[in-house]
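This briefing is meant for a reader who is meeting the structure for the first time.

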2 protein chains.
Amino acid sequence: MLDIKIEKTTNPKPIPGPEDPLVFGTIFTDHMYVMEYCPEKGWHDPAIMPYQPISLAPSAMVFHYGQEMFEGLKAYKTEDGRILLFRPDKNAERANNSNRRLMIPEIDPEDFINAVKTIVEVDQAWIPTKPGTSLYVRPFVIATDPFLGVRPSNTYKFIIILSPVGAYYPEGLNPVKIWIEDKYVRAVRGGIGEAKTGGNYVASLAAQIKAHDEGYSQVLWLDGVERKYIEEVGAMNIFFKINGTVVTPVLNGSILPGVTRDTCIALCKEWGLPVEERRVSVEELEAAAKDGSLEEVWGTGTAAVISPVGHLRYEDDVFQIGDGGIGQISQKLYDTVTGIQLGKVEDKYGWTVEVK
Amino acid sequence: MLDIKIEKTTNPKPIPGPEDPLVFGTIFTDHMYVMEYCPEKGWHDPAIMPYQPISLAPSAMVFHYGQEMFEGLKAYKTEDGRILLFRPDKNAERANNSNRRLMIPEIDPEDFINAVKTIVEVDQAWIPTKPGTSLYVRPFVIATDPFLGVRPSNTYKFIIILSPVGAYYPEGLNPVKIWIEDKYVRAVRGGIGEAKTGGNYVASLAAQIKAHDEGYSQVLWLDGVERKYIEEVGAMNIFFKINGTVVTPVLNGSILPGVTRDTCIALCKEWGLPVEERRVSVEELEAAAKDGSLEEVWGTGTAAVISPVGHLRYEDDVFQIGDGGIGQISQKLYDTVTGIQLGKVEDKYGWTVEVK
């Protein structure tokens with residue numbers, strides 16, 4: 001494991017107080033982590049330094065060819081003052097899955113986790129404690145060769161920044177309305193859909209704006225081949241409770257393998273609910289909504305944790321899910337996941353990792 | 001049209017001489033063009049300034065969500081000292097097609113073309129004149145909001161940089177070997193394949209490396225739905241001459257609408273060759289290669305202009321095209337396109353635009 005050089009700021013910023021609004025992704029802490037890559041040295045010289053602009057040549061490959069990878073996880077402060085991360089090993093593993101697909105050199109998972117722990121420790125005073133808040137951790141890699149032409153970069157930066165956050169959606173835990181998109185496609189098998197990379201998100205914007213304009217918070221994507229099987233929501237995986245069974249689209253190569261998705265599957269199984277990872281067609285959902293067997297729908301993601309879905313729209317049909325309110329399993333999952341994350345609920349699976 | 005403020009460098013770099021190798025995309029000129037966007041002012045304050053690093057917050061959206069667009073065109077110096085651009089109106093138009101798909105604010109085509117003309121004029125001493133060389137012009141837009149979360153950015157930079165270049169492929173006009181990819185997919189209808197944006201290029205890297213390792217220069221992509229129809233090559237569109245007819249895949253939403261593609265279609269029609277823009281299956285190509293009716297294959301793109309294809313590989317079959325050398329139409333297209341670009345061949349279509 002590489003030693004991290006630490007240079008603390010001499011000019012700290014004011015830390016938001018409990019009454020300050022924490023609009024997601026807008027406030028950043030005093031420090032950042034940066035590690036460089038070149039072919040001769042591999043990943044080297046990790047350092048924590050004051051949060052500062054990045055200076056890159058205008059020809060830096062990240063600006064032109066989209067070679068960029070990101071991750072997202074959260075740090076929490078427990079009532080007894082401990083700092084907990086939630087399943088950072090899963091983020092380290094997924095980062096490397098993304099890196100391989102994007103031809104970015106892999107990062108030793110020990111260095112990844114140590115980097116997250118160390119930067120969170122340095123900026124621990126920024127972890128908010130009000131219910132529903134946390135310190136969002138954003139590790140990312142960018143390609144930095146000053147070169148025009150299509151090939152993998154030879155040099156990279158791995159950076160971690162931190163942002164104290166409240167709810168990802170303005171709705172909080174209130175049910176969102178979701179638009180099932182039938183024109184635009186986010187990703188396709190054989191593409192980069194299972195990698196966490198900018199190209200998948202920019203592809204989602206046009207449909208997202210269209211959905212917003214129609215009064216919907218998020219887009220639910222269909223597969224790019226047949227345009228009939230459910231894939232995922234904008235920034236979340238999606239779950240359905242149909243006739244007592246929890247169903248979520250199987251990971252097929254074009255769906256992001258979410259950490260919260262994996263967590264919810266484990267918890268539902270523990271609670272004795274049948275869980276099926278399989279293809280789910282929009283026709284099946286429509287039929288289930290019509291005959292009343294579609295009991296609950298919720299999204300899962302690090303940013304939003306659990307986001308209940310109250311309404312689905314597909315073409316000209318709008319379906320209300322249950323009574324349009326928060327479903328029982330959605331609420332239980334939210335309480336349990338955030339309970340474990342905050343150290344209030346027993347962590348049977350060893351998911352939380354303490355920052356000393 | 002906006003006025004461009006010009007600040008010239010006081011510290012010019014040495015300009016490569018005729019004997020210096022011009023490896024594509026590695027050398028940049030003395031100046032760059034930058035224009036900013038914010039919702040209040042729109043695109044504003046265009047300026048030419050010394051070539052310099054870009055300084056961005058580590059939270060700048062371009063690093064995370066891939067909201068970036070680029071273009072590519074070339075400037076040439078004629079034997080009588082005039083400076084010519086080739087069809088910059090097509091780049092301005094395509095830039096806005098990409099911008100719309102990527103939810104980036106459109107740029108007035110007049111400002112786009114004026115920006116290209118002005119920066120090329122400022123750095124005209126950098127236009128190389130040796131055969132096969134030119135000044136590559138790279139306009140691009142990046143999203144600059146310091147924000148984590150999936151939505152279009154509110155602020156952008158439009159930048160133009162210049163690079164004196166030689167051949168894009170080390171092969172020059174020698175025929176390249178091309179790998180037809182059956183596992184990875186570049187883009188799919190409904191996605192971002194017809195926008196010129198980083199996400200499409202990063203998606204291509206893994207297959208490109210695999211093809212290189214097998215001794216092939218470039219990847220030929222199949223459609224993402226049926227995996228049987230030809231789409232495009234890594235950085236080029238593709239043409240086939242089958243039984244005297246010129247065939248190229250029809251623009252279907254997942255193919256980049258190339259300027260050189262459009263140029264070649266016009267020229268082939270002018271020369272009385274039948275031209276078909278339609279779906280082309282890999283089976284059709286295989287059959288044509290076997291019965292000898294596949295007479296020529298070539299790629300078209302701004303960077304490479306015309307790149308003859310000598311061999312195609314699909315799964316375990318390798319097909320030689322003609323005698324594996326440069327085809328007659330490929331050579332004629334190369335001579336005519338570069339002739340027009342250099343002012344040596346009559347420009348019947350008004351494709352060239354002079355920089356005064």
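**A first look at two chains**

Once the neighbours within four places in sequence are left aside, A:N99 is in contact with A:M69, A:I104, A:P105, A:E106 and A:I107. The model is a predicted one, and A:N99 lies in helix 2 of chain A. With a relative accessible area of 0%, A:N99 is buried, because buried means under 20%.

**The annotated lysine of chain A**

- The unreviewed UniProt entry places the feature "modified residue: N6-(pyridoxal phosphate)lysine" at A:K196, and this annotation comes from the record.
- A:K196 sits in the loop of chain A that runs between strand 10 (176–180) and helix 4 (198–202).
- Is A:K196 buried or exposed? Its relative accessibility is 11%, so A:K196 counts as buried.
- When residues up to four places away in sequence are not counted, A:K196 touches A:E68, A:M69, A:F70, A:E71, A:R94, A:S98, A:Y201 and A:L256.
- A:M69 is among the residues touched by A:K196, and A:M69 is also among the contacts of A:N99.

**Helix 2 against helix 3 in chain A**

- In chain A, the axes of helix 2 (residues 88–102) and helix 3 (residues 109–122) come within 9 Å and cross at roughly 130°, which makes helix 2 of chain A oblique to helix 3 of chain A.
- The crossing in which helix 2 of chain A passes helix 3 of chain A is right-handed.
- On the side of helix 2 of chain A, the residues that take part are A:P88, A:D89, A:N91, A:A92, A:A95 and A:N96, and they meet A:P109, A:F112 and A:I113 in helix 3 of chain A.
- Sorted by class, this contact between helix 2 and helix 3 of chain A has 6 nonpolar, 2 polar and 1 charged residues.

**Helix 2 against helix 3 in chain B**

- In chain B, the axes of helix 2 and helix 3 (residues 109–122) come within 9 Å and cross at roughly 130°, and helix 2 and helix 3 of chain B are therefore oblique to each other.
- Helix 2 of chain B passes helix 3 of chain B in a right-handed crossing.
- Which residues bring helix 2 and helix 3 of chain B into contact? B:P88, B:D89, B:N91, B:A92, B:A95 and B:N96 belong to helix 2 of chain B, and they meet B:P109, B:F112 and B:I113 in helix 3 of chain B.
- The residues of this contact in chain B divide into 6 nonpolar, 2 polar and 1 charged.

**Helix 6 against helix 8 in chain B**

- The axes of helix 6 (residues 259–270) and helix 8 (residues 328–341) of chain B come within 11 Å and cross at roughly 110°, which makes helix 6 of chain B roughly perpendicular to helix 8 of chain B.
- From helix 6 of chain B, B:T263, B:C264, B:L267 and B:C268 meet B:I329, B:L333, B:T336 and B:V337 in helix 8 of chain B.
- By class, the contact of helix 6 with helix 8 of chain B has 6 nonpolar, 2 polar and no charged residues.

**Positive phi values in chain B**

- B:R87, a residue other than glycine, has a positive phi near 50°, and it is found in the loop between strand 7 (83–86) and helix 2 (88–101) of chain B.
- The relative accessibility of B:R87 is 8%, so B:R87 counts as buried.
- B:E315 is not a glycine either, and its phi is positive at about 50°; B:E315 is found in the loop between strand 17 (305–314) and strand 18 (317–320) of chain B.
- With a relative accessible area of 44%, B:E315 is partly exposed.

**Two further residues of chain B**

- B:S134 belongs to strand 8 (residues 134–143) of chain B, and with a relative accessible area of 1% B:S134 is buried.
- Apart from its neighbours within four places in sequence, B:S134 is in contact with B:K74, B:A75, B:Y76, B:P128, B:S163, B:P164 and B:V165.
- B:G215 is found in the loop between helix 5 (205–213) and strand 11 (218–222) of chain B, and at 42% relative accessibility B:G215 counts as partly exposed.
- From C-alpha to C-alpha, B:G215 and B:N114 are 42 Å apart in space, and they are 101 residues apart in sequence.

Key:
Residues numbered from 1 in each chain as written. Chains lettered and ligands numbered in written order. Predicted model: local features only at pLDDT ≥ 70, side-chain atom pairs only at ≥ 80, totals over all residues. Heavy atoms only, no water. UniProt positions renumbered as here; feature names shortened; annotations may be inferred. Helix = DSSP H or I, 4+ residues; strand = E, 2+ residues; numbered from the N terminus. Buried < 20%, exposed > 50% of the residue type's maximum accessible area, 1.4 Å probe, protein only. Contact = heavy atoms within 4.5 Å. Axes fitted to C-alpha atoms, helices over the stretch in contact; angles between N-to-C directions. Parallel < 35°, antiparallel > 145°, perpendicular 65-115°, else oblique. Left-handed = near helix turned anticlockwise from the far one by under 90°. Nonpolar A, V, L, I, M, F, W, Y, C, P; charged D, E, K, R; others polar.
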